[in-house]
Amino acid sequence: MKIVVANWKMNLLRKDAAAFCEAFLKAYKPKGRVEVGIAPSFPLIRAVKNRVATSGAKVFAQNGHAEAKGAFTGEVSMPQIQDSGCDGVILGHSECRQYNGETEATLVPKIRAARENELLPLLCIGETLAQREANQTLEVLRQQLSILPEVGAGPLWLAYEPVWAIGTGKVATPEQVREVHAFIREEVVRLLGEAGKEVPILYGGSVTPDNFEELLTIPDVAGGLVGGASLVPEKFLKLVQQAQAS
Ligand code: PEP
């Protein structure tokens with residue numbers, strides 16, 4: 001199975017999302033075992049879901065709260081995300097780790113809450129530039145993955161997103177991606193046993209139609225989590241077509 005997920009971050013208004021869906025759906029032909037996902041910001045979720053539902057594309061939220069309800073002003077719960085039409089939720093994105101203080105400890109109850117509400121967690125992990133330069137990449141990833149036994153086997157997609165490659169135009173080299181994805185697979189199997197073999201591992205970080213084909217040839221790269229290039233329907237479509245052809 002190959003997977004391409006658009007992370008729109010805090011971009012687009014309703015009219016832009018509608019135009020994106022129209023342009024994308026006009027040319028998109030579901031094919032083979034390729035899953036397409038779109039993660040709009042909260043106010044756009046229902047409109048996007050309504051438009052893409054018949055295409056089979058999944059809709060993801062970009063974050064969610066661990067508690068089901070209560071006095072958490074500004075937050076959105078997993079039941080609300082599920083109720084708004086989402087199939088999954090991105091968790092642990094490096095921007096949430098950086099700006100919202102997301103940590104391994106806060107992610108455990110979020111992953112559990114997502115699953116309890118039939119939402120597929122798409123967990124992001126990745127090292128900063130300083131950590132890579134200090135040769136700490138694998139250690140950081142090991143730490144970020146260490147929560148897996150706590151949440152146990154269950155629905156899960158992973159995305160390896162080196163922080164230094166997100167939105168910078170700097171893509172990890174095929175060698176770097178090969179090394180890290182092999183390490184992640186090994187860790188996930190060590191932590192979850194046989195079930196770990198089935199967890200798809202996406203790559204994210206300045207993915208474009210110019211580099212995606214090569215990334216897709218790397219063992220254990222199940223697809224891409226895409227920010228910037230996913231805002232342009234033609235580019236996103238091209239990425240999906242590349243996954244279909246791989
Ligand atoms: C992301 O936000 O998950 C991402 C990978 O962004 P970009 O593709 O713009 O680097």
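A polar contact here is a pair of N or O atoms within 3.5 Å; within protein, one must be able to donate a hydrogen and the other to accept it, and residues adjacent in sequence count only if both atoms are side-chain atoms. The model is predicted, so local features need pLDDT of at least 70 and side-chain atom pairs count only at pLDDT 80 or more, while totals for chains, interfaces and linings use all residues. Residues are numbered from 1 along each chain as its sequence is written, and side-chain values use heavy atoms, with hydrogens and water left out.

**The ligand**

The selection holds 14 residues, the closest being Lys9, Glu161, Gly167, Ser206 and Gly227. An oxygen atom of the ligand is 2.8 Å from a polar backbone atom of glycine 227. Of the ligand's own 290 Å² of accessible area (Shrake-Rupley method, 1.4 Å probe), the protein covers 96%. Glutamate 161 places a polar side-chain atom 2.6 Å from a ligand oxygen, and a backbone N or O atom of glycine 167 lies 2.6 Å from an oxygen atom of the ligand.

Next, select glutamate 102, in the loop between α4 (94-99) and α5 (104-116); helices (H or I, at least four residues) and strands (E, at least two) are DSSP runs, numbered from the N terminus. Glutamate 102 counts as buried because its relative accessibility is 8%, where buried means under 20% relative accessible area, exposed over 50% and partly exposed in between (1.4 Å probe, protein chains only). Beyond four places in sequence, glutamate 102 touches Asn63, Gly92, Cys96, Arg97, Leu107 and Lys110, contact meaning heavy atoms within 4.5 Å.

Move to glutamate 104 in helix α5, buried at 17% relative accessibility. With neighbours within four places left aside, its contacts are Arg97, Gln143, Gln144 and Ile147.

**Helix α7**

Select residues 137-145, helix α7, where Thr137, Val140, Leu141, Gln144 and Leu145 are buried. Down the axis of α7 these fall within an arc of 130°, so they line one face of the helix; the arc is that of the directions from the helix axis to the C-beta atoms.

**Serine 55**

Finish at serine 55, in the loop between α2 (45-52) and β3 (58-61). Serine 55 is buried, with 16% relative accessible area. Outside its four-place sequence neighbourhood, serine 55 touches Leu25, Tyr28 and Pro30. A polar side-chain atom of serine 55 lies 3.2 Å from the backbone nitrogen of alanine 57.

Definitions and conventions:
A residue is near a molecule or strand if one of its heavy atoms lies within 4 Å of it.
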